[in-house]
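Please read the following report alongside the sequence and the coordinates.

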Amino acid sequence: MSGAALVIAPTRRAGPGLGFMLGVAILGLTLLVAVFGPSLVAADPLMQQITLRNTPPDALHWLGRDHLGRDVLARLVAGTRISLAAAFGATLLALGVGAGLGLIAEALGRWPALLVFGVFDMVRAMPSILLALTLMVALGIGMGPLVLALGIAFAPHMAVVARAAWRREAASGYVAAARVMGASPVATLFRHVVPNIAGALVTQAAIIMPRAITTESVLSFFGLGVAPETPSWGRMIAGATRFAEAAPHAVAAPVVALCVVTLGFALVGDRLRLALDPLREQRR
Amino acid sequence: MTHAMTPSRRGLLGGGGALAALGLLAHVPGVGAAQAADAAPRAGKLKVAFLGLDTADPHRHTGSIAVQQVYVETLTSIADDGTVKPFLATGWEISPDGKRYSFTIREGVRFHNGRLLTAGDIRANAMRVRDQVRGGWLSAPMKLVESLEAPDDRTFVMTMKEPYGPLLNLLSELWIVAPESDGWAQTVRTPIGTGPFRFGRWQPNVTFEAPAFADYWQPGLPHVEAVEFSLRDIDDLSLPLRAGDLHIARVGYDKLESVRADENLEVQFMKDTTWWFWSFNNRNPRSPFNDVRVRQAVAYMLDKPAFMRFVAGQAGVVTNQMAAPGQFFWDKAMHDADRHARPNHDRARALLQEAGVDPAKTPCRIVSWQNSYSEIAVEAMRNLGFQVEHLALDDIGAQRRLGQYDWDLAPFASGPRADIFLRFIRLMSDGPNVGLWGGTRDPEFDRLVHQAIAVVDLNERRRLYLAAWQRVLDNYYTVVIGHAPEPIVNRREVTGYAPGFTWGQHRVDGGLAFAKLTARS
C-alpha cells in the first residue's frame, strides 16, 4: 500500500494554561543554560582552590565555593548540560529499545510479542533505580554506561505504553484497510501506526526525562554515575552533603535546580498527555 | 636478651616522640590500675562503631582487627607508644643470634569455656596459622619458622630459620583461640578466646554483641556488661554519636569542628598515624610514566600542605616518609631534603618538556577509592595538561582494578600498623595487597628490607630501612604526602577509654575493657 499515512488528529483543547507555560519557561531556560551557560560563566567548574573551600556566596562567586574550593555556579551550569545530556540520551535509548522492540514484536505476532514482553515484564518487576544501580555496578562508571543503564532501566516503561497504543490502533479500520491492501505488518506499523501513536510516546518520553534526571542524580550520589570530579547535579549533591553544615549553599544549589527542572518536565508532560492523547475525548 | 614487663628501646624511641609533639598522648590505664580496680559491678552496654568484622575466624581475617580483638588475645600487645608489651606472655627471652624466642605464658588465664590456657594452646594456634592460613601479615614470618615447641605448660618456644626483627610486634596479631572452638579444622565459627568479652551474637554487616567474660584474668575488667559493635557502613558516625545512639566511634576529620562544638563529645586520636600517598604503576608502567622525570613532574604538582589541610585539618603533617615525623624510623635529613614539600608547577612543566612529553596527547588513568582527596590528584594531572580518566571505585573494585596494572596513578591512604615493617612489606615484590603501592618490584629494595629485619641492632635496622626508602624516593615508586592520626570520638559519659596505637580495641593496658559508663545515655 502506498500514499500518505492515515493520521488521527489529536484532541484539541483549550489554551495551554499557566502551568504549561511555566513548565515551558523552566525547560527553555534550562536548555539555554545547558547550551550557552558554560561559555557565559567565566569560572572553570573543575578548578580547585582548597584554601577557599566552602566559602559562602560573594560578588565574584554568586553561589559560593564547594568543599574543594570550586565555583558552585560554574559546576551547576556545567552540570545542567551533563544531567540533561544523560537524561536525554537515556530517554532516546528507552524509546528506541522499548518502543522499537515492543512495537516490532507486537507487529510480528503473538509469539514474538510474548517473548519480548516476557523479558520486559521481568525487567519491569525490578524498580528502575535498583535495575540502574545493578547495571552500573556491572558496566562501570562513566557517561556511556550511565546512559545505557538508564536507557535499559526505562525501556520497559516505554514498551508497555507502545504496546497499549499499538493494540488500540490495531483495532482501527485504517490498520485493517492497510493490511487488506497487502501491506506487511512491519510496513503498516511504521507507515501508519507510528505516526498515530507518536503523541503517546512523546508524552511518555516527557514523563521519563525527569525520572532519568533524578535517577542519574541518585546513581551519582551513590558514586555510580559519572566520575567524581564531573559536575553532574547528583555528584554535586553527593560531594556537598558531607559539608552541608559548613556550606549549605553548595548542596542547596543542585537540589533546587533538580526540583525546578523536574517540576518543569512534570508540568509540560502533564499537558502533553492531555493534548496528545487522541482517545481521551472518546473516554470522556 | 631478656624482656619481662619492660618496654624495648625501640619502643621508647618509636612513636612516642612524634605523638608527644602532637600533644596526642592520652591517659593510659595500666595493668596495675586494673588490678587495683574497684569491685563495682559491671554496668551498661557500650555501643561502638569502628570498622567491620569480615569473619568469625581470627586467623583468617582480612579486614579490621577492631572488633575481634575484644574476644581473642595475643602473646604481645602494642602499647600507646608503639612498644611491645607482654600480654598472654609475661615475658620472653631471645637468643643472641636472634632466632630463638622463648615465651613464658601467663598463669591463671582462662578461655571462655573455663579451661586454663597452656603453652600447648599457643603452639596449636601458631601451627594452625603456619600450616593452614595463606596470606596476611603473619604469612611471611611463618614461612621462616623452623620449629614450634611447648616443653611445658608455661613455656612456648618459637625458633626461626633466620633472625626476624618485627616478630614480637607481629605476634600482637596472632590471636589465640581454644583448639576446641567450633570449626577449628576448617574455619572457626564460634571462637573461644581469652578476651574480656565473649563472642556473642553476630549479624554480618549489621551488629556484633560481645557480653562480658566473668572470669577474665585481669581483675575487675571489663567494666561494662557488654559491648555492641555497629557494623553498618555508615558514612557519618558523628550523627549517631551526637544523638546518643553510639558511645564511641571513628569520625572523619571533616566532622571534627561540629563534634568539638558538642559539649557531650570528646575527641581523641589514635597513637599511630594514617598516611596519604600517590603511587605510580611500578609493575607495568606505561609510557611516559615509566620516565622518572615525568614522575618527578607529577610530584611537583602536589601541594602537600594544602592536601594535608584538606584531609586532616590541623592534625595533618607533611613529610616524604612512611614513618611519621618524630618516630624512630623517620629521618629528619631525608625530610628536609624533600623537593616536593611545596608545589612547583613551572618545574613540573619544564620536566615534561625535557622528557619530550606532550600531556595534551597523553592519557592518564587514575584509580582511586570514592573520596574527595582523589579529586585533588585528578585536578593536579589535569592542570599539568594530561587527558585524565578517573576510575573511582569501591574497596573491592579498586583492589581488583589495581591488580590489573593498566593504570598510571593511584592516590590512596593507609592506616596504623603494629610495626613499620608492615608498611615496608607493601613495597616488597612478594608483599601482600601491593596494588595500592603500584606493585613495586625492586630486588635491591627487597634485599635492604630483608637485611633490616634480620639485624638485631635497632640503629642498623633503621639505617637499612632508610636506605631502602631512599630507593623509593629516587625512583618515585610512591610519593608520600603526609600523616595524621585518626580521630576517635567518645561521649562524655564514657570514662577510662583511650584509643591505642592500632585499630585493635583491646590491649594489655587499655581499650574497651577499661571503659566505664558513668551515666546511661
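The report below describes a predicted model, beginning with the contact between its chains.

## The interface of chain A and chain B

Chain A and chain B bury about 1800 Å² between them, and 47% of that area falls on carbon and sulfur atoms. The contact draws on 19 residues from chain A and 21 residues from chain B. Eight residue pairs across it are in polar contact, counting pairs in which both residues have pLDDT 80 or more. On the side of chain A that touches chain B, the residues divide into nine nonpolar, four polar and six charged.

Four salt bridges are found across the interface of chain A and chain B. One salt bridge pairs A:Arg242 with B:Asp254, where the closest N and O atoms are 2.9 Å apart. Another salt bridge pairs B:Arg242 with A:Glu245, and here the closest N and O atoms are 3.4 Å apart. Because B:Arg242 lies in helix H7 (residues 238-243) of chain B, while A:Glu245 lies in the loop between helix H8 (233-241) and helix H9 (248-276) of chain A, this pair joins two chains. B:Arg242 has a relative accessible area of 29% and is therefore partly exposed.

Over all chains, the structure holds 38 salt bridges. In chain B, the side chains of B:Asp57 and B:Arg128 meet in a salt bridge with an N to O distance of 2.8 Å. B:Asp57 is placed in the loop between strand E2 (45-49) and strand E3 (76-78) of chain B, and B:Arg128 in helix H4 (residues 119-132) of chain B, so the pair ties together parts that are 71 residues apart in sequence. Both B:Asp57 and B:Arg128 are buried.

A salt bridge is also formed by B:Arg471 and B:Asp442, whose closest N and O atoms are 2.7 Å apart. This pair links distant parts of the chain, since B:Arg471 is in helix H17 of chain B and B:Asp442 is in the loop between helix H15 (421-424) and helix H16 (443-454) of chain B, 29 residues apart. Elsewhere, salt bridges that share partners join A:Asp66, A:Arg70, A:Arg75 and B:Glu375 into one network.

In soluble globular proteins, nonpolar side chains tend to be buried together. In this model the largest nonpolar core has 87 residues, and the members that touch the most other members are B:Phe103, B:Phe156, B:Met158 and B:Phe421. Helix H17 of chain B gives the most to this core, contributing eight residues.

When neighbours within four places in sequence are left aside, the contacts of B:Met158 include B:Phe103, B:Met142, B:Val145, B:Leu148, B:Leu167 and B:Leu171. B:Lys99, B:Arg100, B:Tyr101 and B:Ser147 are also in contact with B:Met158. A second, separate core of 53 residues includes A:Ala86, A:Ala94, A:Leu219 and A:Leu224.

## Backbone details and a buried arginine

A positive phi, in a residue other than glycine, occurs at A:Asn54, where the value is near 60°, and at B:Tyr476, where the value is near 55°. A:Asn54 lies in the loop between helix H1 (18-40) and helix H2 (72-108) of chain A, and at 14% relative accessibility A:Asn54 counts as buried. B:Tyr476 lies in the loop between helix H17 (458-475) and strand E18 of chain B, and at 5% relative accessibility B:Tyr476 counts as buried. Strand E18 (residues 478-491) of chain B holds B:Arg491, which is buried with a relative accessible area of 9%. The side chains of B:Arg491 and B:Glu493 are joined by a polar contact of 2.9 Å.

Technical notes. Residues are numbered from 1 along each chain as its sequence is written. Chains are lettered from A and ligands numbered from 1 in the order in which they are written. This is a predicted model: local features need pLDDT of at least 70, side-chain atom pairs count only at pLDDT 80 or more; totals for chains, interfaces and linings use all residues. Side-chain values use heavy atoms; hydrogens and water are left out. Helices (H or I, at least four residues) and strands (E, at least two) are DSSP runs, numbered from the N terminus. Buried means under 20% relative accessible area, exposed over 50%, partly exposed in between (1.4 Å probe, protein chains only). A polar contact is a pair of N or O atoms within 3.5 Å; within protein, one must be able to donate a hydrogen and the other to accept it, and residues adjacent in sequence count only if both atoms are side-chain atoms. Contact means heavy atoms within 4.5 Å. Buried area is the accessible area (1.4 Å probe) that two parts lose on being put together, summed over both. Ala, Val, Leu, Ile, Met, Phe, Trp, Tyr, Cys and Pro count as nonpolar, Asp, Glu, Lys and Arg as charged, and the others, Gly among them, as polar. A nonpolar core is a set of buried Ala, Val, Leu, Ile, Met, Phe, Trp, Tyr and Cys residues joined through side-chain atoms within 4.5 Å.
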